[in-house]
Amino acid sequence: MAVAVSAEALPGGPAPKAGVTVTGLGVGDSVVTVWRTVDDERGPVRGARRVVMNDAGFVTDWDAPINRPVSYEVEVLSGPGGPARASAEAITVVSATGWLMDPFVPQNAVPVVGGRDSNGEPYLRGQALAELEHQADMSMYNVMGSKMPIGLFGERMAERGMDLSLATRSAVESKRLKDLLDSSSGFLFRPGPDLDGLMLDALMFIGLPSYAQVPVDTAWGGDLTWWTLKADRVAAPTIKVLTATFTYGDVQLLTASYQQKQDAMAGKTYLDDLKNPLS
């Protein structure tokens, strides 16, 4: 049986997501990576890189971009059937709003709309996302005898200092947003359909070291609150931690020579050796 993969949109709460089903791996452990492609950009699904599956597996992609075609591919690195690849038909995860969420706790996801016509969700303030700054490291060196300096240029960075300021219009909205912001300093922002004109990336992991909460009309009995958010784009977070479970003494006792150790690790990576030096 050949390896196969299928994908489906899962629109239920707490936020829209995608489900990826992998079948046909064969009985026994297979090391698998699930890849996602959106807007011609390919990357691994968070939490589904070099995972172990037996015969079949299911991956929930909480980071699935919304309102854009998304395709998934499974790459089998090793297993009973050997290396293999398979692709699923593209799907679209539909959502009427954008989403701000803790990448590790999707249950506290908050819907976000882009204008004041909100019907109950926090909405982006007028100045939000008005300017996107892309910095690059650059060093200039003067050369003796030449009027032209040498410039050393680094890669252009992702957006920094993004204004994601929000407004809430009820105590319930404010409480839900405050709980989310207090839960972490790293978040995932999935732009909604009302922000398509800004050409934002489908997924934006952001670092938010601080925020300001400004009650606007509480003195008059209202619940309007401004939330000033300044964020920087960051790489997707991970909670996988590699820890050593063997000592050099263990390896020395169970291998007769260094050549035997090399033979046992043939074709494996350095991380494979750290995780299981006895193979």
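Analyst: Happy to; what follows starts with the cavity, moves to the nonpolar cores and the rings, and ends with the backbone and some contacts between separate parts of the chain.

A word on the basis first. This is a predicted model, so local features need pLDDT of at least 70 and side-chain atom pairs count only at pLDDT 80 or more, while totals for chains, interfaces and linings use all residues. Residues are numbered from 1 along each chain as its sequence is written, and side-chain values use heavy atoms, with hydrogens and water left out.

Let us begin with empty space. Rolling a probe the size of a water molecule over the atoms shows where such space is left. Here a cavity is a set of points, on a 1 Å grid over the protein atoms alone, where a 1.4 Å probe fits but cannot get out. Grid points are joined across faces, edges and corners, and a volume is the space filled by probe spheres set on the points. By this rule there is one cavity of 30 Å³ or more, and the largest cavity holds about 60 Å³ of space. Its lining residues (those with an atom within 4 Å of a point) are Leu100, Val112, Leu124, Leu164, Leu166, Phe189, Ile206, Leu208 and Leu229. By class, that makes nine nonpolar, no polar and no charged residues; Ala, Val, Leu, Ile, Met, Phe, Trp, Tyr, Cys and Pro count as nonpolar, Asp, Glu, Lys and Arg as charged, and the others, Gly among them, as polar.

From the cavity we can turn to the packing. A nonpolar core is a set of buried Ala, Val, Leu, Ile, Met, Phe, Trp, Tyr and Cys residues joined through side-chain atoms within 4.5 Å. Buried means under 20% relative accessible area, exposed over 50%, and partly exposed in between, with a 1.4 Å probe and protein chains only. The largest core has 33 residues, and Val34 and Tyr72 touch the most other members. The elements giving two or more residues to this core are strands S1 (4–10), S2 (17–23), S3 (29–38), S5 (51–54), S7 (69–78) and S10 (98–102); strands here are DSSP runs (E, at least two residues), numbered from the N terminus. S7 gives the most, with four residues. Apart from this core lies another, of 22 residues, among them Val112, Ala128, Leu181 and Phe189.

Now for the rings. A pair of aromatic rings is described by the distance of the centres and the angle of the planes. Rings of Phe, Tyr and Trp (its six-membered ring) pair if their centres lie within 6.5 Å; planes under 30 degrees apart count as stacked, over 60 as edge-to-face and the rest as tilted. The structure holds one aromatic pair: tyrosine 211 and tryptophan 227 are tilted, with 5.9 Å from centre to centre and 40 degrees between the planes. Tyrosine 211 is partly exposed because its relative accessibility is 26%, whereas tryptophan 227 is buried at 0%.

Another ring has a charge over it: arginine 42 lies over the face of tryptophan 35, at 4.0 Å from the ring centre. The rule asks for NZ of Lys or CZ of Arg within 6 Å of the ring centre and within 35 degrees of the ring normal.

The backbone has some details worth a visit too. In the loop between S1 and S2 sits proline 14, and the peptide bond from glycine 13 to proline 14 is cis, with omega near 0 degrees. Aspartate 40, in the loop between S3 and strand S4 (41–44), has a positive phi near 65 degrees and counts as exposed at 80% relative accessibility. Asparagine 67 has a positive phi of about 60 degrees; this residue lies in the loop between strand S6 (57–61) and S7 and is partly exposed at 28%.

Finally, some contacts across the sequence. Aspartate 232 belongs to strand S20, and its C-alpha is 5.3 Å from that of isoleucine 206, 26 residues apart in sequence. Leucine 25, in the loop between S2 and S3, is buried at 4%, and its C-alpha is 8.2 Å from that of alanine 4.

Conventions:
1 Å grid on protein atoms, 1.4 Å probe; cavity = no way out; pocket = protein on both sides within 12 Å on 5 of 7 lines; lining within 4 Å.
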